[in-house]
Amino acid sequence: MTNSPKTPPKTPRSADRPEGDRIAKLLARAGIASRREIERMIDDRRITLNGKPVETPATFLTNLRGVAVDGKAVGPIEPSQLYAFHKPTGLLTAERDFTGRATIYDALVNALPKGTPRLMPIGRLDLNTEGLLLLTNDGGLKRQMELPASGIPRTYRARAFGDVSQEQLEALAEGIEIDGVRYGSINANKEHGGKGGGRNQWIEMTITEGKNREVRRVLEYLGLEVSRLIRTAYGPFELADLGRGQAVRIRKGDLDRFVSTLKQARKHSKLDNQGQ
């Protein structure tokens, strides 16, 4: 008889570990910045606790009372919010650019209602890529949606010049390796059944990993020249008819349902790993 796999025992909390969470996690949840950015801010002594610089990211807190960033007190953690933004081309997905190029935040100033909390982009869109960009005030949600392991589908429409067959596109479902980088399964289809033949054509592609310039790299590898790239969906959230440069808040009910599916996926993933 084969013994069934046992669930590993949970590691008990160390008796000398403080209660609460690391300060970087709490500040990320509060929408201040990503955890890595917060760690850099701690190194730069920009974060204080009761007036004294925080010395280490391994500072455990149960709340953010007494915490300030650049001398400004951090408010209580607000409920998670999610926004959809139609990013135009020519904008960097960054908070600032030292060369003076425009960023998404230059456009968001006019696109978001007053009182909107600080938002962080979920993933990035290249300078010349347009379409759906999701933003949130919740650092934890941002991280979860960006993880390749979450398997959240992202759909793009690419206008490309060149000749490619539907069979070549369907072969991408098996994944592909380009210059030593392995890309997972991609669902790709030519729109309207166009034959291409050296003409511009539209190709729809759905990926789940979101590696750097993934769509462009794959199409260029197939000998196509991409002249326009639009992200039309990220998970269940779609660009639809959202105007270029406009932003809209995702309804709380839709966000709650999506977060619930993420939690269920994580739960099933843990169970599968324990059974192996």
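How many bridges join strand 10 to strand 14? Eight bridges do so, between residues 154–161 and residues 200–207, and the two strands run antiparallel.

## Basis of the model

This is a predicted model: local features need pLDDT of at least 70, side-chain atom pairs count only at pLDDT 80 or more, and totals for chains, interfaces and linings use all residues. Residues are numbered from 1 along each chain as its sequence is written, and side-chain values use heavy atoms, leaving out hydrogens and water.

Helices (H or I, at least four residues) and strands (E, at least two) are DSSP runs, numbered from the N terminus. Two strands pair if DSSP finds at least two bridges between them. Within strand 14, Thr206 stands opposite Thr155.

Strand 13 (residues 187–190) also pairs with strand 14, over four bridges in the antiparallel sense. Here Ala188 has Met205 as its bridge partner.

## Glu55

Glu55 sits in the loop between strand 3 (52–53) and strand 4 (60–61). Glu55 is exposed, at 59% relative accessible area (buried is under 20%, exposed over 50%, partly exposed in between; 1.4 Å probe, protein chains only).

Beyond its neighbours within four places in sequence, Glu55 is in contact with Ile42 and Arg45 (contact means heavy atoms within 4.5 Å). Asp43 is twelve residues from Glu55 along the chain; their C-alpha atoms are separated by 7.5 Å.

## Arg216

Arg216 belongs to helix 6 (residues 214–221). Leaving aside neighbours within four places in sequence, its contacts include Asp126, Asn128 and Leu229. The side chain of Arg216 reaches the backbone oxygen of Asn128 at 3.2 Å.

Notes:
Polar contact = N/O pair within 3.5 Å; in protein donor to acceptor, adjacent residues only side chain to side chain.
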